[in-house]
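Hi,

Here's the structure I said I'd pass along. Have a look first, and my notes on it follow below.

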Amino acid sequence: MKENIIIAGSSGAIGGEFTKKYTNDLNVEKVVTLSRNVNNHNHKKIQSIKIDYNNEETFKNLDEISQLDSISKVIIATGILHTDELKPEKSIDSIDGESMKKVFQVNVFGPILLVKTLLPLIKKSKGVKIAFLTARVGSISDNELGGWHSYRSSKSALNMMIKNLSIELKRLNKEHVVIGIHPGTVKSHLSEPFLRHVKHDVFSPKESVGFMTKVINEITHMDSGKCFDFSGKVIEP
Ligand SMILES: NC(=O)c1ccc[n+]([C@@H]2O[C@H](COP(=O)([O-])OP(=O)(O)OC[C@H]3O[C@@H](n4cnc5c(N)ncnc54)[C@H](OP(=O)(O)O)[C@@H]3O)[C@@H](O)[C@H]2O)c1
């Protein structure tokens, strides 16, 4: 059976590349793209739906896909590190409550509420693979530098939601798989202000998505609840 795939954050560098990759895949029937600005990408396989994590009313727009028979994958490639109004904090004394809430709204609350809204579709599907874009900096055991308090801790919280979701979905159908995936450092709007400090490889979105689709293809229900990097290595919590 051909696949129906949902991609959140399709306007972003990584989400946009996943959209291209799956749209060109002959095994894929339909790609549902979720973003704040509807964009049909001029392709007959794509159905574009407006979603804004800052406005929960927009989740009702997902009713448009309630008639789908099943879905095979959900890729959640949304996230913020900085906006015009906020920057990642270097020290605890620069934490601002409102900014921190905005980061958690987009990086944790939005993604998990999105999956909650998709539950009826997940329940009627078998072996759905759900991949949340996380970040290595969300690993508590890997944290040696500190800083980026809101972003880092939002990704740690997201990783906990991934684990919780994996436990619940296993009870529904043991073939469902939920993972977090770290894309590497990738050229994008999110990473752009920080790239000049990076000493390791910086991937193009195409390279990173090429690596990540391989990981997503290879994971099984035994991997559910874990976080991986782009090369398929487990990132310890
Ligand atoms: N790039 C990297 O080096 C890197 C490294 C580690 C992890 N990641 C993770 O990878 C994911 C994708 O990042 P990216 O590099 O592709 O960044 P990006 O190009 O800035 O894309 C971010 C996406 O998030 C969406 N978004 C932001 N605020 C939203 C909101 N309120 N409601 C719904 N969607 C919203 C954006 O939509 P709009 O276009 O509407 O703003 C955009 O589609 C993120 O989770 C990020 O944390 C990236």
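Which residue's side chain does Lys214 meet in a salt bridge? The partner is Glu218, with an N to O distance of 3.3 Å. Keep in mind throughout that this is a predicted model. Lys214 and Glu218 are both exposed.

Searching the whole structure turns up eight salt bridges. Another of them joins the side chains of Glu3 and Lys73, at 2.7 Å from N to O. Glu3 belongs to strand β1 (residues 3–8) and Lys73 to strand β4 (residues 73–76), so this pair ties together parts that are 70 residues apart in sequence. Lys73 counts as buried, because its relative accessibility is 7% and the cut-off for buried is under 20%. Then there's Glu57 with Lys60, whose side chains meet at 3.1 Å, N to O; both of those residues are exposed.

The axes of α1 (residues 13–23) and α4 (residues 205–218) come within 9 Å and cross at roughly 65°. The crossing of α1 past α4 is right-handed. On the α1 side, the contact is made by Ala13, Ile14, Glu17, Phe18, Lys21 and Tyr22. On the α4 side, you'll find Pro205, Lys206, Val209, Gly210, Met212, Thr213 and Ile216. By type, the residues of this contact split into eight nonpolar, two polar and three charged.

Now for the rings: the structure holds eight aromatic pairs. In one of these, Tyr53 and Phe59 have ring centres 6.3 Å apart and planes at 15°, so the pair is stacked. Tyr53 is buried at 7% relative accessibility, and Phe59 is buried too, with a relative accessible area of 6%. Phe203 and Phe211 make an edge-to-face pair, because their planes are at 70°, with centres 5.2 Å apart. Here Phe203 counts as buried at 10% relative accessibility, whereas Phe211 is partly exposed at 37%. Finally, ring pairs link Trp148, Tyr151 and Phe194 into a cluster.

That's what I have for now.

Cheers

How values were computed:
Residues numbered from 1 in each chain as written. Predicted model: local features only at pLDDT ≥ 70, side-chain atom pairs only at ≥ 80, totals over all residues. Heavy atoms only, no water. Axes fitted to C-alpha atoms, helices over the stretch in contact; angles between N-to-C directions. Helix = DSSP H or I, 4+ residues; strand = E, 2+ residues; numbered from the N terminus. Left-handed = near helix turned anticlockwise from the far one by under 90°. Contact = heavy atoms within 4.5 Å. Nonpolar A, V, L, I, M, F, W, Y, C, P; charged D, E, K, R; others polar. Salt bridge = Lys/Arg side-chain N within 4 Å of Asp/Glu carboxyl O. Buried < 20%, exposed > 50% of the residue type's maximum accessible area, 1.4 Å probe, protein only. Phe/Tyr/Trp six-rings, centres within 6.5 Å; stacked < 30°, edge-to-face > 60°.
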